[in-house]
Amino acid sequence: MPTASKTPQHIAIVMDGNGRWAQKRHLPRLAGHKRGVDALKTATQACLTHGIPILTVFAFSSENWSRPAGEVSGLLELLNVALRRELAALHERGIRVRFLGSRQGLEPDLCAVLHDAEQATQANQAMVLNVCFNYGGRWDIVDAAARLASAGKPITEASMNAALSLAPCPDPDLLIRTGDEHRLSNFLLWQCAYSELYFSPVLWPDFDAAELDQALQAYASRERRFGRTRPATVAVPA
Ligand code: IPE
Ligand code: IPE
Ligand code: MG
């Protein structure tokens, strides 16, 4: 178990591998996405238990619209159904839910469900769950810069930080990607500049609390330098 000071305050996860999980079992890909929701519930509870105040997950990328229409509509429907089903339980546990990403292309009914969930949980303080849906890191940067420019505001690191969709949450300390892929796939490009990266071969539906513990242990053993030199080691007299 990592020590408190070595516990990340913000974890981001690319929840990858749902399709392969299903295909291995000769199930439709959507069955994997459904099990992925269960894995997200497990990860959220594990973060609450560890006292990790912010969890940000990648649920649907700007590029995922390129998937077969049936999978896309299934994912949109799954978000709608899972959110309606889980909202009360999230609220009871004091979890604030936010949705990061463009609302363009989403049905008004889904937009209303997302908006209502954000409103209903906005005062909750136990934990923040940011769900990135129809999200892309490049979209996020361009959208933030365009809003600053049209308001006539200067574009600085501080103003960008404040305008990006993750604000006011700090950058992730730890970025986990499951599913044995080693790339960002357009997730939080700006905000992960100094995040520790952890890649797991485990497919997302199989990523349980013990797997999260392993990621936390790996994180606790990292030395974050942010461009500095290593701390001076004390010379031991011979
Ligand atoms: C991640 O699982 C979920 C989404 C991208 C929506 P995938 O659907 O990418 O699963 P694999 O990578 O095909 O196994
Ligand atoms: C990234 O996974 C997006 C999500 C997990 C939502 P993908 O499966 O879409 O990424 P690529 O296509 O393998 O890079
Ligand atoms: Mg994938």
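View 1. Strands here are DSSP runs of E, at least two residues long, and helices are runs of H or I, at least four residues long, both numbered from the N terminus. The model is predicted: local features need pLDDT of at least 70, side-chain atom pairs count only at pLDDT 80 or more, and totals for chains, interfaces and linings use all residues. Residues are numbered from 1 along each chain as its sequence is written, chains are lettered from A and ligands numbered from 1 in the order in which they are written, and side-chain values use heavy atoms, with hydrogens and water left out.

**View 2. The residues around ligand 2.** Nonpolar means Ala, Val, Leu, Ile, Met, Phe, Trp, Tyr, Cys and Pro; charged means Asp, Glu, Lys and Arg; the others, Gly among them, are polar.

**View 3. Polar contacts of ligand 2.** A polar contact here is a pair of N or O atoms within 3.5 Å. The side chain of S185 places an N or O atom 2.6 Å from an oxygen atom of ligand 2. For R183, a polar side-chain atom lies 2.8 Å from a ligand 2 oxygen. The side chain of D16 has an N or O atom 3.2 Å from an oxygen of ligand 2. The protein buries 78% of the 380 Å² that ligand 2 exposes when taken alone (Shrake-Rupley method, 1.4 Å probe).

**View 4. Polar contacts of ligand 1.** R20 has a polar side-chain atom 2.7 Å from an oxygen atom of ligand 1. D16 also brings a polar side-chain atom to ligand 1, at 2.9 Å from an oxygen. N18 uses its backbone: an N or O atom there lies 3.1 Å from a ligand 1 oxygen. Of the 380 Å² of accessible area that ligand 1 has on its own, the protein covers 87%.

**View 5. The shell around ligand 1.** Ligand 1 is surrounded by 13 residues, the closest being D16, G19, R20, R29 and R67. Three are nonpolar, five polar and five charged. Helix 1 supplies the largest share, three residues. Which elements give two or more residues to this shell? They are helix 1 (18-24), helix 2 (29-50) and helix 3 (69-92).

Note on methods
Near = heavy atom within 4 Å. Polar contact = N/O pair within 3.5 Å; in protein donor to acceptor, adjacent residues only side chain to side chain.
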